[in-house]
Amino acid sequence: MNLISGIRLYIEKMCSESGPGMKNMLLDRETTSISMASSQSDMLQREVYLFERLDSGRSNERMKYLKCIVFIRPTKQNIQLLANELRSPKYGSYYIYFSNIIPRTDIKFLAECDESESVREVKEFYADYLSVNPNLFSLSIPKSMQRLNWLPEALTRSVQGIIGVLLTLRLNPVIRYRAGSSVAQNLAKQIFEQITKDSTLFEFRQQENGAAPPLLLILDRRDDPVTPLLHQWTYQAMVHELLTIRNNRLDLSNVQGIPNDFKELVLSGEQDEFYSKNMYANFGEIGSTIKSLMEEFQRKAKDHKKVESIADMKNFIESYPQFKKMSGTVQKHLCIMGELSNLTSKRNLFEVSELEQEIACKAEHSAQLQRIKKIIADERIAINDAIKLVALYALRYERHANCDTSGLLQIIKMRSAQAHIIPCLIEYAGTHVRQGEVFSLVRITDAVKLTRNLIKGLKGVENVFTQHTPLLKETLEDIFKGRELDPLYPAINSELVPFRRPPQEVVVFIIGGTTYEEALAVHQLNNNGYRVILGGTTIHNSQSFIDEVIAATEGLQFKHTKSMMKYYASPENF
């Protein structure tokens, strides 16, 4: 259950099937992301020397001595562009790989265009998603809904991406979705129809000795709007929250004092050993790890100055590449940590984050309300952090007798904040929508949860900044303990369900985006021997989540926030 290994295997097959010799790779806007799984030096070792975009203006120079590996999504536009290429071929031979299922009519059309018979191979390799970590994928759909219903192109893309993941992992799962969520039900239905239509592709070996079939669980972000709003303190999540990671790349060009070589950085666990080992470490641990890495680097730098004998020279030449690589690693992560540290102190994030965690994990209304009022009125606190505190308060105390969201909105309005975000968020994920309880409101009737919370309370919290546990972790723990999933998560293909045992393999997909905090929870479960893959329409930080909430509620008539009417953004909301 490793998505990066799956994509690397596809790349190896593409390069070996085209045989020895110099090659060019022809990609589209989305398949260029294979660089997330395989570095340029890996591709050079496989004799791929050129990379081109099918959809960009390309030179007409003929290079018949080159083989061309085409790896594209089977979209109408790509098929048309490829047909144009085959009518007037630039390269000696073509090896064509589609990242998903392609209709036979399109294959026939391409065959008719290939009059020079330069196509040697046509295959489907199902890498139709972005593999971010071995157990995490994204479909890079920043906005998936409008008026709380699917955007048609986002739904189609989600079906294709999930089908790609299932075929890469060779899984034919039971499909369950969050009951009461029309978007989750719609997606589950379409995936089931696609699997039924292409059933021959899903004929994998049967589960041995009565093991339960794998599970595809489709969830709705609206059940847990809290996780994407919280400030994060583990390395990968913190970098994404404060600096934004896009396709494993980090743009630091707007940061003052960054050397030119470090304006754009690649953050990939496959290509950076330090990042791979520390992406789930917390901020404090990273600081001390970088310090010891610095000390080791300085020690090696001193050794390199002592080049006196022939043997010293030989050692220097042999170890220089590692030394150079280490130097780059140290400098890269120092640049990132320096900026994280700078933003943390500038925005008073320790104080803000502690209060965010308190709101998420403890019900102390009056004390929290006073602290929020004090902090959001402070000009030193960034306006976006003030909005997030009000958002968490509004979600937690929406039905509280003394709820004072309007008073808080008045304060942030005086600071010229976008107060309309809060009613949008309540319409998107208020108590009328949420199914699982995202805040620790334990009812005495739920003995299991009561016991769990008591134990958690007795153990104490390891760190005040990481008290919060995403709802996803509890859901997955319930699944692996074999708890009853109906009626909360009904199955579409119920004929696969008469198994009492819990599934061994689970793929979770969150409509409306997942987060790196949830990826950490999945990583911890996998370290305990479970097998989980997590994906989402996108990977959110708090800003991108708020943007998605605003887009999803645009043009919607608001029914649950009448008390905040004066903060609505549009007349359509009335």
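A: A word on terms before we look: two strands count as paired if DSSP finds at least two bridges between them. With that in hand, Val506 stands opposite Val532 in E16. Keep in mind that this is a predicted model.

Q: Which strand pairs with E16 over 6 bridges, and in what sense?
A: That's strand E15, residues 505-511, and the pairing with E16 is parallel. To get from E15 to E16 the chain passes through helix H18, residues 516-527, in a right-handed β-α-β crossover.

Q: And what does E7 do with E16?
A: Strand E7, residues 136-138, is joined to E16 by 3 bridges, and the two run parallel. In that pairing, Leu136 sits opposite Leu534 of E16.

Q: How many residues of E16 are buried?
A: 5 of the 6, so to speak "mostly covered" for the strand at 531-536.

Q: Switching topic: where is Asp128?
A: Asp128 is in the loop between strand E5 (119-124) and strand E6 (130-133).

Q: Buried or exposed?
A: Asp128 is buried, because its relative accessible area is 2% and the cut-off for buried is under 20%.

Q: OK, now Met564. Where's that?
A: Met564 lies in the segment after helix H19, which spans 542-553.

Q: Is that side chain's residue buried or exposed?
A: Met564 counts as buried, because its relative accessibility is 8%.

Q: Which residues does Met564 contact, beyond four places in sequence?
A: Thr405, Leu409, Ile422, Pro423 and Ile426.

Q: And how far is Met564 from Ser406?
A: In space, 6.4 Å from C-alpha to C-alpha, although Met564 and Ser406 are 158 residues apart in sequence.

Q: Last topic, confidence. What's the mean pLDDT?
A: The protein has a mean pLDDT of 88, with 90% of its residues at 70 or more.

Q: Where does pLDDT stay under 50?
A: One such stretch is residues 442-448, where the model has 5 contacts beyond four places in sequence. Another is residues 454-461, with 3 contacts of that kind.

Note on methods
Residues numbered from 1 in each chain as written. Predicted model: local features only at pLDDT ≥ 70, side-chain atom pairs only at ≥ 80, totals over all residues. Heavy atoms only, no water. Helix = DSSP H or I, 4+ residues; strand = E, 2+ residues; numbered from the N terminus. Buried < 20%, exposed > 50% of the residue type's maximum accessible area, 1.4 Å probe, protein only. Contact = heavy atoms within 4.5 Å. Right-handed = clockwise from strand over helix to strand, strands pointing away. pLDDT = per-residue confidence, 0-100.
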